[in-house]
Amino acid sequence: MSVNIVKVGKWQSPKNTSMMPQMHTHDDFYQLIFTQNSVGKLVLDGEAFPFKPEHLYFTAPGVRHTCHNTKNTQYVIFYFKILDKELADFVSSLSPEIEPRDLMSCKQLLSQSAYEFSLETGFGKLRANAYFELFLSAALDSAPQTPSTSKAENEHITAMSESGIDLAANYIYNNFSDNISIDDLVRISHFERRHFFRIFKEKFGTTPNKYINELRMNKAKSLLVNTNMTIGEISRYCGFQSEHYFSRAFKAHEESSPNEYRKNAASASREVIF
């Protein structure tokens, strides 16, 4: 086993209190925060990382940090040790903030790990560590490293630059909340405009605009099911001009309103620890 969970908790700040602990370090274990909304922030040695919904935030042993938990901050927190040196070095080199690409798998594995740990039995803790190890594998599979890290990072960037369409798709993925123009995608891809449209459709089976809309809709559905964000907050986070426009587009895509989708998903889902 490569990991050993020390403690698991669920944080929801008091509705009328601001909790801002002093900067501190954990000398012998890592900290993982899985956020459930966009309230609060993690501060590492003076650098702030505002919380985003359904993102992962890591702190390594010996790193000074604090969590600014303001009104309605919500997250699940794991304290854990890494027993494998190679894995420990890799996790320590990561950016403090990561958005897992396979979000549903990560959520299921974290939830199962937290549940097994809560049983407070020997076998439960063993299973909790096993699920958490699988979670780390899923979460870190494509996680970006910090700029100071490694030759592997530079090689990855070089490889990406060899495929203009992949660069454009990666830009869409990382900026779907913003107003993405086709002109920007064409420029990033280094193709002529007509070649860009043709090659993009050959690779993804759809147009760039439909690809962007599908990505936004999938993110919106995930946020409706897994967070308590308002419809307005979700519409802004997913890059829609207004709540009205988002609701209309969502209904056309899913044949139900955002509120109806959330209610139906809640009634169909099984109870989990978070």
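Guide: Lys-85 and Asp-89 sit together in helix α1 (residues 85-92), 4 residues apart, or about one turn of the helix. Helices here are DSSP runs of H or I with at least four residues, strands are runs of E with at least two, and both are numbered from the N terminus. Keep in mind that this is a predicted model: local features need pLDDT of at least 70, side-chain atom pairs count only at pLDDT 80 or more, and totals for chains, interfaces and linings use all residues. Residues are numbered from 1 along each chain as its sequence is written, and side-chain values use heavy atoms, with hydrogens and water left out.

Back to the pair: Lys-85 makes a salt bridge with Asp-89, and their closest N and O atoms are 2.9 Å apart. The rule asks for a side-chain nitrogen of Lys or Arg within 4 Å of a carboxyl oxygen of Asp or Glu. Lys-85 counts as exposed at 61% relative accessibility, while Asp-89, at 43%, is partly exposed. Those labels mean buried under 20% relative accessible area, exposed over 50% and partly exposed in between, using a 1.4 Å probe and protein chains only.

Asp-184 is partly exposed at 24%, and Arg-187 is exposed at 54%.

Then there's a pair that reaches across the sequence. Glu-99 and Lys-219 meet in a salt bridge at 2.8 Å, N to O. Glu-99 is in the loop between β8 (97-98) and α2 (103-118), and Lys-219 is in helix α8 (residues 208-226), so the bridge ties together parts 120 residues apart in sequence. Lys-219 is buried, at 12% relative accessibility.

What about cysteines? Taking a disulfide as a pair of cysteine sulfur atoms within 2.5 Å, the structure has 0 of them. Cys-67 is buried at 7%, and Cys-106 is buried too, at 0%.

Next, helix α10 (residues 243-254). Its 12 residues reach 16 Å from first C-alpha to last, close to the 16 Å expected at 1.5 Å a residue; that expectation is 1.5 Å times one less than the number of residues. Phe-246, Ala-249 and Phe-250 are its buried residues. They cover an arc of only 105 degrees around the axis, which puts them on the same side of α10; the arc is taken from the directions from the helix axis to the C-beta atoms. On the face turned away from that buried side you'll find the exposed His-244, Arg-248 and Ala-252. Glu-255 follows α10 with a positive phi, near 60 degrees. Phe-246 also has Gly-232 to look at: their C-alpha atoms are separated by 8.6 Å, 14 residues apart along the chain. Gly-232 belongs to helix α9 (residues 231-237) and is buried at 7%.

Last stop, an open sheet of 3 strands in the order β4-β3-β6, paired antiparallel. Strands pair if DSSP finds at least two bridges between them; β3 (residues 41-44) and β4 have 4. In that pairing, Lys-41 stands opposite Pro-50 in β4.
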